[in-house]
Structures are given as structure tokens and as C-alpha cells.
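Trainee: Could you walk me through this one slowly? I would like to follow the helices and the rings.

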Amino acid sequence: MMKEVIAFKNTKCECGHQNPVGTVLCEACGRPLEEQDRESNEVLEMRYDGMARRSQRANPNFIDRIWNFFSSVKIAVYMIILTLLGSMLGTIFPQENTFLNIDPSTYYKETYGTAGWIYYKLGLSHTYESWWFILLLVMIGASLVICSLDRVLPLYKALTKQRILKHKQFLTRQRVVYQGPVELESKEWVEQASVHIKKRGYRVHTLDNALLAEKYRFSRWGPYVIHIGLIIFLLAVLARGLPGLHMDQHVAFPEGEIKHIPNTSYYLKNEKFTVEYYSEQDLPKEFQGKNKVLPKLFKTQATLYECTANCNDPSKQPTLKAVDHHNIEVNDPMDYKGLKAYQFDYDLTPVLRSVKPSLVDKKTGKDYGTFQLKIKDPERNYKVGPYSLELKEKYNDFGLDENGQPVTKTPNPNAPAFLFLIKGPNLPAEGVHYFYFPKQIDKERFQQDAINAKMNGGSVPLELDVKGMGNVDLSMSTTYLNIRVDKAMPFVWVGAAIVMLGLILGFYWQHRRIWLRIDDGNLTLGAHTSKNWFGIRREIAAILRKMNLEVDEKSLDNGGNHS
Amino acid sequence: MSGLLNFSSNMFVVAFFLYCAAFILFAVAIMGRRWSNRDPESHRRKWGNIAFGVSSLGLVLELTYFFTRWAGGGHIPVSNMYEFMSFLSMMVMVAFTVVYLIYRKTILGLFAVPITIIIMAYAAVFPQEVQPLIPSLQSYWLKIHVTMAAAGESFFAIAFAAGFMYLLRTVNFSSTDKKDRRQQRWVEIVFFSIILVISFIITVFAFRAAGYESVFTQTKASGTAGQTTSVTQTVEYKLPPIVAPYQSKIESYQPFLGMTKPLFSAPSWMNGINAGRKFNTIIWTVISGIILYGILRLIARKPLGRAASPFLDGIDPDDLDEISYRAIAIGFPIFTLGALIFAMIWAQVAWGRFWGWDPKEVWALICWLFYSAYLHLRLSRGWQGRQSSWLSVLGFLVVMFTLVGVNLVIAGLHSYAGTN
């Protein structure tokens, strides 16, 4: 109680105004409140017009201390510098997410040696996802909120209740000051001056012998608008981490195939993929004849389908409805209701889709007929002439393990192989096993005939043979699309736009104020601006010149901080 | 090369020489103040106006270069290192013109015009052919993002010039006090860094004019146990190889000053084919930089900082401080918009993510954080004059690393074609 009394006593100004604790300049007349400060001739500290801030509370409790910590600009600068240094560290070696398929625990050591190993062990190979980096960003966010609240409220109060007549010391201790005698009667001088000041866009308030002129006050809100924008931006970025708001996957789409986009109800068909290269004459001379290829265009003609029925029932064909068509190019993604498909990569290796082999008698060459064999989802039974073929086994990427047993090495249809059980005339009752490699290269590589002979203890009288390329269905290329959903994006853009608005308000305009009073034929003028002192000095010199007072612009400078 | 492109290159060269002339004229305007039988103020004003006229003419010609190359090449010329650097040099002149028209300080020309000259000369180091655009660059965002970013950065260049001038004006070069000595040393280091850049350009052009070339091959085995494939790469040195690439063979070696083979090989951690060549360039730059610096010291007979400081006599340091700050205040929003926001929009359109922590993106963010720290320190902590001038000098270093260093050292998605 005692303390408060003292505090009250100290903050009462001679003009009678009662100021809150922590106030530097009287809220009403602008007179410095501290005894020592009054004796000094230094330029006044005009931040927030000398108002008290919450962070200057006398006896801070626990919450106040946290508030004070985050409201400190010094702390904010430290956090900015730490973020800056942390970001630098992350650029020394490529980050893990630059690569699609690596094992970071070995990659960094192998590629960059010991330095790379240390880099990985310190967790710098994923700097920007590390807890300390995210924590820094969150702390900057907290600082943005608290710093702004701590300052914008007192500043708002100070600027909305300004007095016209200020204490003389308040004027003489501004950074721009002019003092000198005037010839006219004080009220008349003030009236004439106000005309010239108004012409320069100021809003002028006069009170007898005193004048307050002000312009572009909105510029003072610039920094706070920036901070609000940054907060929205940071929140939006953090929100992307929440489930359901963000999806990011790379999907391969072979040409001509309708493929389901995982975790969505959408299907996409790559109608045609095109890649174009610049011709020799398009290239600069230096590149010509050097076999240098420069891509010109990557384009996927895509149709998007939405599943309308039987979506989650594997036994039934889903019902699809085409909903969008777009030529996806780099810089021109497909966008359907927030689902975006970006051209990411491509593969020009042809992929076998289906073949139409004929069943042929090896000796006579008699053709018993053909059947369609789909590589991806083959049917189980086929009937060709008098023969029946039953698919026993299918290998996508045929190979032999160390015991000589057939295995499929990868799920990719690189070397498809099919094991049939053939039954029919002139064959043993239990039938013959027949391995079939649709690709000629695999047939030779794995010695199809030898395998079949070995399996059946002798040569097989029948053979599957694709007669001509007309019986082969190839998908010529595969396009890789990056499928994304990012529901937080609008907020990211709104945040960025607000930041930009604040930057423009704060940097391209300056809040300028001029106070003047005339006492016994002597003019005292003080002026303050948030930025660009050069400009306000020039303006005041011009105004004074209109009032027949010739002053050197530079002589108006009273020293002190040039913030 | 078509006629228009030829005309365009000629304009570039003429603009370059006009800037050089403008630099000399600015020097005359400043140094000639003390010549006999003249009024210093009217001399400065007269020659300053002439110099500004010449530099503006240079800017007009460089703009002509830019637009004729645009017309001749079919796309905006900011897509490789040569084009970007020349664009940046042009924007530095634009920023200089803007700031000069506000403050009318002749001395600013003496420091800002050389920045343009150096950046232009540096641009000419890179291959100058018009290259067709790869798909990811085929976007109107190329125009907006790159030009805006460069415009913002060029204001930081002006802030650097003014900040450095402030230091030259206020550092006490005659004092032997420990604190002053430290300031003097750092000013000297800034001079030396600028000289390094100049000597790099001079060295490259000297050996290019002499047609120097040596070739190395490097064979690298790769692949896992059992199946190894070896790749042989060739690298051409345009500067005499002091250091050979790691584990390489000499294909051809043009002797230089009695040197018939490299003095040593690059260490194992510099195992890339181009790492050795880049290291060699750095060695050459340092050697020629020391020589050039030595020559200048011999001419001046004193540290360069002390030799340069008399030019700034009679200049109000507060004005320099204000110019430096104002340039940053003008450039910061432009930089934010061009280098970050537009960059994010383009990245979203082209790659599907607005931010991917690509080294260039990170360094743009670092620049932004740096100048935010500068602004907070200045506005709220009262860092002015010396402290903030040092920050503006350092800040421009960060900007240049972002523009050049990242491409040469770190690369990533933003690597331009032809940066080797």
C-alpha cells in the first residue's frame, strides 16, 4: 500500500494530470516526469509518446515476468538472430527432404565424410523440422503477439488523447526544434501558419497561442499490422501440420491408365504425356553439337474422375465420373476443389500393358488361336482352341533366389513372367507347366525353353508366341504427378498480404507531428516523425520560409536519436 | 546471334564505359573542390550535375540493352547469371538515381557507381548467350519475382555504400586507440574484400584474353560391390592450374611462368570435378587480390581507409546515416514482396509448395531476418550511426552471398545454367 502511494505521488504532473506508473512523459502536457530527466537537455525519448507499458509494472508476478520476457525487443532480436544462424546451419549440406530415397544414417557419412556424419548426428540434416527450430518460430510468434499488445495499446491511447498545448520543455527537447521571435501577434501568427501547414496535408488543431499539426498517423500502425500478418502466417504454417489439412504424395501414372489416387475418392487418367526438347538451332552456339539436351515442355493431358459408387468395395468396379480435364504443365497444375496435381517427373521407359499371344504347335506350326493376357490384372483361366490354360503363378519382376527358386524381386512389372498349367489333347492328363515371358529380352535372358523342358522332363510340344507388334499393348511413358491438398494456403496468403500492407503503411509514409506555442512574441516549435528526419526538416524550413523566417534545414536538428 | 542481340551487347559495353566515365566525373566533382581559383561549392554542383547526367545516360543505355535483349531473346533477360547480374547492376543504378534525387549528395555517386561497375564486370565473366528457358522458368512469375527481388536488393547496395561512407567519414584514422584501431582494421578488410572481387574479374579477363586453357580428366568409380561403373569427366581450367582436381590426370597443360604441372592436388573432401577448379580460382583471386592491394597501398602510402577518408571531409555524417537507413527502409518492403512473397507464390505454382527450405530460399529468409534485426535494433534499441552502418555493410555481404555465393557454393534448385 505504501509503495502505491509513493508511486501515485511520483506520477502526478504539475499540470494536474495523474499518470500511471512507468510513464516517462506526462500524458497530457508532455513534461518529463522524472526529476533528473527534467534537468537534462537531451532529446526526449519519444517511443510510444512516453506512455507506460504493461511490461513496466512495478512488482511483476510470474505471468508478468513471462510477459516482460516476450515483450522485450532485445529478446526478439536475439530470437531473430538465433533463427538466422540456425537457418544458415541448415544450408551447409542438403537437407534430408531434398532426396526422395536415401537412408540418411549412411548417406551423409558416405557422401560428405566425417563432417557429414557429425552434421547428421547433430540433427542438422533436418534442421527445419527439429524441435529447437520450431520452438524458435513459436517463440517469435509469442513475441510478435506480446510485443505488439504491449506497445500498441499505450500508443493508441497516447495518440487519441493529445493535448494541443504542450509543456515548453517537451517542445525544446524534440529532435527538430526552432526558437525565435515573431513579429505578428501570437494568435494571428498561429492562424497564418496553420494555413501553410494545412497545405502540406496536415490536420491542424489550434488553441489560442498553441498549435498541433499531425499527418499520416496511420503509418504508426504499420509495424503492428506487419506483426498481425506474421502471426496469421505462422499460425497457418503450423496448421499445415494438423491432420487432414495437408496431403502431399507422388504418384506414377502410366499413359492410358486410370489410376486411383490413394487416400482420396479421385482417379486420374494420364491420356497422354509429352516431353519436348529444344532443337539444335534453338540452342546457343556454345551448346550446339555437344549433345546437350534442354527440355522445352513437360505436359500431361489428364482427366480427373470422381468415384460415385462402389468406391470401397474391392469386388466391384467403382463407378467413375469425369470431373475435370487439364493439360498439366510445370507452372500450370491441375486444380480441382483444392486437390492439385503438379507435373513432377516422368519416365519414358515403355511399360507392357497386355499381350495377345497365340498358342502354337511347335512341330506343325498350327495356330490354335489367341487370348488377351493383361500384365497387371490377368484373368485366371483361358480357353484357346481345344486347350485350357490356367494361370498358376505370376511374377512382376522375375528372378531366381539363391536356391534357384523363382521369386519376384520388386512389385514393378520390369520382367513379368507367368506360369500356366496347360491341359488338352496330346498332353499328359495332369497337364504341363509352362513358363511364359512376354518380353523377348526376358525370354532369352531366363532361357524360357530350357526352364519349361526342365520342369516337364522334356520338350513341351506347344508354345506361346506373340505374332507381331500389333499384339502388344504398350504404355509409352509414365508421368509422375505430385498430388497435393493444402487447406491452410489461403491463410498463408492472407497473412503475407497483411504483412505487405503493414510494410507499405509503415515504410512509405511517416507519422509527422508539429507542436508550436508562442509566449511573449517568442515562437517555440518542436516536431517529431517516426522516420525520415531529413524530410520533416525540409518541410518545416519551407513552412517557416512562408512565414518569413529564413532557416537552414540542418540548423533545425537538435541532435539525438535518428530512428 | 541476331542483329538485335548484337546491338544489345554493344549497348551494354557502352553503358559500362559511361558508368566508368561517370565515376571519374564524380571523383573530379569531389576531389576538385580544393583545386585553385574556384568556389568549392559551385565546382561540386557543376561537376556533380555533369557526372549525374553521364551516369543517367549510362542507365538509359543499359535499359536499352535490357529491352533489346528481351525483344531479341524472346524472354526477359534475367534467366542466367550474366543476365541476372547485369539486371542487378541496372537496378543499383535505378536505386542510386532515386536516392540521389531525394538527397542530392554528390559523394554518393563516388561510392554507388563503382558498385554498378563491379557488378557489371562480374556479369561479363559468365557466358552471355541467350539460352532458351527450361519448363520451370516458363512463367510470368520469372519477370515479377526476379525483378522485384533485384530491385529490393539494389537499395540494400545503396545502403551499403552510404553506410561504408559513414564509416570512412567517422572512424578516427589517426588514432592509435585500441577501439579505433579495430574499426580501422575492419574498414581495411571491407576494402580488401572489394579488391578481391575486382582482382577476380581482372584475372579472369586477363587469362581469357590470353586464351589460356588446361584440361584435366577425372575418373570416378561408383556403384556397389560387384558392379562398378566408372565415369570419366573432363574439366577445363581457364586459369593456370595451381591445384589439380582430386585424383585427376592431366589431359593438356599450357605452361605458365615456367609452371608445367599443378603444384598440388585438391584434398579428398573436394572430390567433385569442379571443386578443384573452383579452389584454383579462389587461390588465384587471393594472390592477385594481395598484389592489387599491395600496389594500391604503395600508391597511397597508407591504409586505404585513411587514404579514402579525406574525400568525405565536410560531409555531414548524420546525412549519410540517414541515407543508409532510408535506402533500407525503401528496399525492405520491395525485397519482402519480390524475394519472399512472390517467390512463395511462384514456388506454389511451379513446385506445389510455397516453401521448401531450398538453400536460395533459406538465404533470402536470412537476408530478411538480418534486415528485420537491423530495423528493430535501430527503431527500438537506438542503434544508429556506427553500429547501424556496420550492419548495413554486413547486410549487403549477406545479400551478395545469397545472390552469388549460394549459386557457386551450395546450388540447389536455383542454380543457373552456366554458373560454372
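This is a predicted model: local features need pLDDT of at least 70, side-chain atom pairs count only at pLDDT 80 or more; totals for chains, interfaces and linings use all residues.

Trainee: OK, at what angle do H4 and H6 of chain A pack?

Mentor: Helix H4 (residues 73–89) and helix H6 (residues 131–160) of chain A pack at about 155°, and their axes are 10 Å apart. Helices here are DSSP runs (H or I, at least four residues), numbered from the N terminus, and axes are lines fitted to C-alpha atoms over the stretch in contact, with angles from 0 to 180 degrees between N-to-C directions. That angle makes H4(A) roughly antiparallel to H6(A), a term for angles over 145 degrees.

Trainee: And which residues make that contact?

Mentor: Contact means heavy atoms within 4.5 Å, and the residues include A:Met79 and A:Ile80 of H4(A) together with A:Phe133 and A:Arg151 of H6(A). By class, this contact has 11 nonpolar, 4 polar and 1 charged residues, where Ala, Val, Leu, Ile, Met, Phe, Trp, Tyr, Cys and Pro count as nonpolar, Asp, Glu, Lys and Arg as charged, and the others, Gly among them, as polar.

Trainee: How do H6 and H9 of chain A cross?

Mentor: The axes of H6(A) and helix H9 (residues 222–239) of chain A come within 10 Å and cross at roughly 150°. H6(A) is therefore roughly antiparallel to H9(A). Among the residues in this contact are A:Leu137 and A:Arg151 of H6(A), with A:Tyr224 and A:His227 of H9(A), and the residues divide into 12 nonpolar, 3 polar and 1 charged.

Trainee: Switching to rings, how many aromatic pairs does the structure hold?

Mentor: There are 65 aromatic pairs over all chains, and rings of Phe, Tyr and Trp (its six-membered ring) pair if their centres lie within 6.5 Å, with planes under 30 degrees apart counted as stacked, over 60 as edge-to-face and the rest as tilted. One of the pairs, B:Phe192 with B:Tyr293, is edge-to-face, at 5.6 Å centre to centre and 85° between the planes.

Trainee: Why does that pair tie together separate parts?

Mentor: B:Phe192 lies in helix H6 (residues 178–209) of chain B and B:Tyr293 in helix H7 (residues 275–300) of chain B, so the pair joins parts that are 101 residues apart in sequence. B:Tyr293 is buried at 15% relative accessible area, and B:Phe192 counts as partly exposed at 25%; buried means under 20%, exposed over 50% and partly exposed in between (1.4 Å probe, protein chains only).

Trainee: What about B:Phe332 and B:Trp368, stacked or edge-to-face?

Mentor: B:Phe332 and B:Trp368 are stacked, with 5.8 Å centre to centre and 20° between the planes. B:Phe332 is buried at 4%, and B:Trp368 counts as buried at 13%.

Trainee: Last topic, what is phi of B:Arg301 near?

Mentor: Phi of B:Arg301 is near 60°, a positive value in a residue other than glycine. Most residues other than glycine have a negative phi. B:Arg301 lies in the loop between H7 and helix H8 (304–308) of chain B, and B:Arg301 is exposed, with a relative accessible area of 72%.

Terms used:
Residues are numbered from 1 along each chain as its sequence is written. Chains are lettered from A and ligands numbered from 1 in the order in which they are written. Side-chain values use heavy atoms; hydrogens and water are left out. Helices (H or I, at least four residues) and strands (E, at least two) are DSSP runs, numbered from the N terminus. Angles under 35 degrees count as roughly parallel, over 145 as roughly antiparallel, 65 to 115 as roughly perpendicular and the rest as oblique.
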